[in-house]
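This report describes a few contacts in one protein model. Please look at the structure below before reading on.

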Amino acid sequence: MDELGGARPSILMKKKAKPETPLNPLSQASNSLVEVLSDLDGFTLIGKDRRVAAVGGQLNTRKAMSYFRVGLRTGIAEVALLPLLAPLSLGIWGGYVPLCGHFADSLPVKLYGLVLACWMPLLMTGLMCIQITKGTGALWSRGFRRLLEGRTLSLFLGTTVIFFVLRFCKNLIQPLHIYNLLSPLLDGAGWGDILLTCLRRIHEHLSYSAALVVQMLFLSAILPWAYFAIKSFADKRYQARLMEILD
């Protein structure tokens, strides 16, 4: 206290906290596919600016690993329902799962059965190819590779697991056992015989369902990599020609 009884401002006043410097966007982790795709769009703009040097090294490990994790989760989402959807899809295509009643033999219904299992891998493969078409630059290339690596790992692991799960169901699970488990729910229902017939037909074709999953996910994993390699080769040739012209 001073002579006038007032508090000394120099003692009581707290030092103002220094404003925290925001993190570099290239060091912040991205936790969703939308965030990753938004980042990649920004990297594409950087890559198109000829005044900016190659900055692929600026994508640090934390950022790259977040892209890899998002790719892993994306691949898991693509394969999660396939053990159930693949047999159902093949049943609709073959006409022995009467999902649409007497329209089961029409081509639109068969195509619907095929898309029922394939729509998620097809959608993600399309998104990857669109991103490859418009992407450019070293920073974009490194970020996209990490996303694609995570997705590819999930697809290959998921393919292996689903294949053996379907083969396990084919060899060890009988349709009658499933029907008996569901029979309390079917008391008085008139479509119990139809359900049993469908279960038997699906069981007969589980090997084909496993083959469908393998083919579909293999193509979904390989096509983006093939397109990415072709695009990278074309970009390198373009850069080489551009340097020759400038020299």
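The side chains of K63 and D39 form a salt bridge, with 2.9 Å from N to O. K63 belongs to helix α3 (residues 61–79) and D39 to helix α2 (residues 33–48), so this pair ties together parts 24 residues apart in sequence. A salt bridge here is a side-chain nitrogen of Lys or Arg within 4 Å of a carboxyl oxygen of Asp or Glu. Helices are DSSP runs (H or I, at least four residues), numbered from the N terminus. K63 counts as buried, at 3% relative accessibility. Buried means under 20% relative accessible area, exposed over 50%, and partly exposed in between (1.4 Å probe, protein chains only).

The model is predicted: local features need pLDDT of at least 70, side-chain atom pairs count only at pLDDT 80 or more, and totals for chains, interfaces and linings use all residues. Residues are numbered from 1 along each chain as its sequence is written, and side-chain values use heavy atoms, leaving out hydrogens and water.

The whole structure has 6 salt bridges. The table lists some of them.

| Pair | Distance, N to O |
|---|---|
| K63 and D39 | 2.9 Å |
| R146 and E149 | 3.2 Å |
| R201 and E204 | 3.7 Å |

R146 and E149 are 3 residues apart in helix α6 (residues 138–172), and therefore about one helical turn separates them. E149 is partly exposed, at 30% relative accessibility. R201 and E204 are likewise 3 residues apart, in helix α8 (residues 192–204), again about one helical turn. R201 is partly exposed at 33% relative accessibility, and E204 is partly exposed with a relative accessible area of 45%.

Next comes the packing of two helices. How do α4 and α9 cross, and at what angle? The axes of α4 (residues 82–94) and α9 (residues 206–246) come within 9 Å and cross at roughly 115 degrees. The axes are lines fitted to C-alpha atoms over the stretch in contact, and angles run from 0 to 180 degrees between N-to-C directions. The two helices are therefore roughly perpendicular, a label for angles of 65 to 115 degrees.

In this contact (heavy atoms within 4.5 Å), L82, A86, P87 and L90 of α4 meet residues of α9, including L206, Y208 and M216. The contact residues divide into 10 nonpolar, 1 polar and no charged.

Also in α9 is A221, which is buried with a relative accessible area of 1%. Leaving aside neighbours within four places in sequence, A221 contacts R151, T152, L155 and F156. A221 and L155 are 66 residues apart in sequence and 6.6 Å apart in space, C-alpha to C-alpha.

Notes. Angles under 35 degrees count as roughly parallel, over 145 as roughly antiparallel, 65 to 115 as roughly perpendicular and the rest as oblique. Ala, Val, Leu, Ile, Met, Phe, Trp, Tyr, Cys and Pro count as nonpolar, Asp, Glu, Lys and Arg as charged, and the others, Gly among them, as polar.
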